[in-house]
Amino acid sequence: MRLLCAALLLASTANAQSWKPAKHVELVSGAAAGSASDGALRTIERLLQEKKLVDVATTVINKPGGGGTVGWTYLSQQPPDGHHLTLLIGNLLSNYITGSSALSYGDFTCAAQLFSEVTAVAVRADSPLRSAKDLLAKLKADPSSVSVAVGTAFGGSGHIGLALAAKGVGADPKKMSAVVFQGVSQGFAALYGGHVDLITNPQSSFAGPLKEGRVRVLALTAPQRLTGDFAGVPTWKELGIDSTVEAFRAMAGPRGMSAAQTAYWESVMRKMVETVEWKQMLETRSWLDRFAGAEGCKAGFKVQYDQLHAGLRELGLAKR
């Protein structure tokens, strides 16, 4: 068995070494600058260069809109030559399930699943909602009285996490007033201006406002408590609510990339996640280490697809 595993590893390494990019590599961000997923992609791009993991230039380009659909559509139209990549997130799946996009994870070539984020729900620091229990009581009494900024698309992981919390206290999630913003900065502006009661997004978006004392994070969709700045924030699970939601982040290219191209990028990403800088980033941003190669990436997206589909049914948004 050991000999077989060693042979497979050598074959994979040789396959990755049989191809490498010959020109500039474009990293497509489907979100606006400053958003959680855009920040993650820019971190990846910086490490690729600083650690000399690639021999060519790389650039992040932003093509926001449609909850990521504009950027992913652009990528899907590029040649599958290994020189165009993106960060796939849960919005790709929710957009497909809700019928707002024809693209799903099968339309891309997964190179590696990198990490996952959980989602948080927060209020303004001076909000009368002092805790997650206060929010649950308000949802139970009248879910229509709760307005929430939900990121870049209806039915994203944050929206679903809050919907499952509402369901946990017998409230109808469809009655919540959800407002979509193109970027998280616009969502925060609405929260600070008193236009919405809550904001829900991947938890890394809240690190800055939390330190500044501008928001109070009420709960997380994590399987267990996070460390660092979020150590004092309860999970929905510990509050007796079945709302454990992770948002996978994976590197992928257009459909049709060759095995050698896929193996190359899987190898690069594997080296990146072993760097001290990446591990420090995971800890600093409370990202969950969920690295998996190309095959594990596809399996992970299938798991998240099923999870998001169930949540979107609760919101009455599932069209597929």
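Just after helix 10, Ser-286 adopts a positive phi of about 60°. Most residues other than glycine have a negative phi. Ser-286 lies in the loop between helix 10 (276-285) and strand 10 (288-292), where helices (H or I, at least four residues) and strands (E, at least two) are DSSP runs numbered from the N terminus. With a relative accessible area of 6%, Ser-286 is buried; the term buried stands for under 20% relative accessible area, exposed for over 50%, and partly exposed for values in between (1.4 Å probe, protein chains only). Lys-52 also has a positive phi, near 55°, and is found in the loop between helix 2 (36-50) and strand 2 (58-62). Lys-52, however, is exposed, at a relative accessible area of 67%.

The structure is a predicted model, in which local features need pLDDT of at least 70, side-chain atom pairs count only at pLDDT 80 or more, and totals for chains, interfaces and linings use all residues. Residues are numbered from 1 along each chain as its sequence is written, and side-chain values use heavy atoms, with hydrogens and water left out.

Helix 10 itself comes next. Its buried residues are Trp-278, Met-281 and Leu-282. Viewed down the helix axis, the buried residues of helix 10 fall within an arc of 100°, so they line one face of the helix; the arc is taken from the directions from the helix axis to the C-beta atoms. An α-helix has 3.6 residues a turn, so residues three or four places apart point the same way. Val-276, Glu-283 and Thr-284 are exposed on the other side of helix 10. The buried residues of this helix pack against helix 2, strand 4, helix 9 (259-273) and strand 10, contact meaning heavy atoms within 4.5 Å.

Rings of Phe, Tyr and Trp (its six-membered ring) pair if their centres lie within 6.5 Å, and planes under 30 degrees apart count as stacked, over 60 as edge-to-face and the rest as tilted. By this rule there are 10 aromatic pairs. Phe-115 and Trp-287 are stacked, because their ring centres are 4.1 Å apart and their planes stand at 15°. This pair joins distant parts of the chain, with Phe-115 in strand 4 (residues 108-124) and Trp-287 in the loop between helix 10 and strand 10, 172 residues apart. Phe-115 is buried at a relative accessible area of 0%, and Trp-287 is buried at 5%. Tyr-264 and Trp-265 form an edge-to-face pair, 5.0 Å centre to centre with 85° between the planes, and both residues are buried. Ring pairs also link Tyr-96, Tyr-105, Phe-301 and Tyr-305 into a cluster.

The structure holds 1 disulfide, defined as a pair of cysteine sulfur atoms within 2.5 Å. The disulfide is formed by Cys-110 and Cys-297, whose sulfur atoms are 2.4 Å apart. This link, too, connects distant parts of the chain: Cys-110 belongs to strand 4 and Cys-297 to helix 11 (residues 294-314), 187 residues apart. The link of Cys-110 and Cys-297 is left-handed, with -45° about the S-S bond. Cys-110 is buried, with a relative accessible area of 5%, and Cys-297 counts as buried at 0% relative accessibility.
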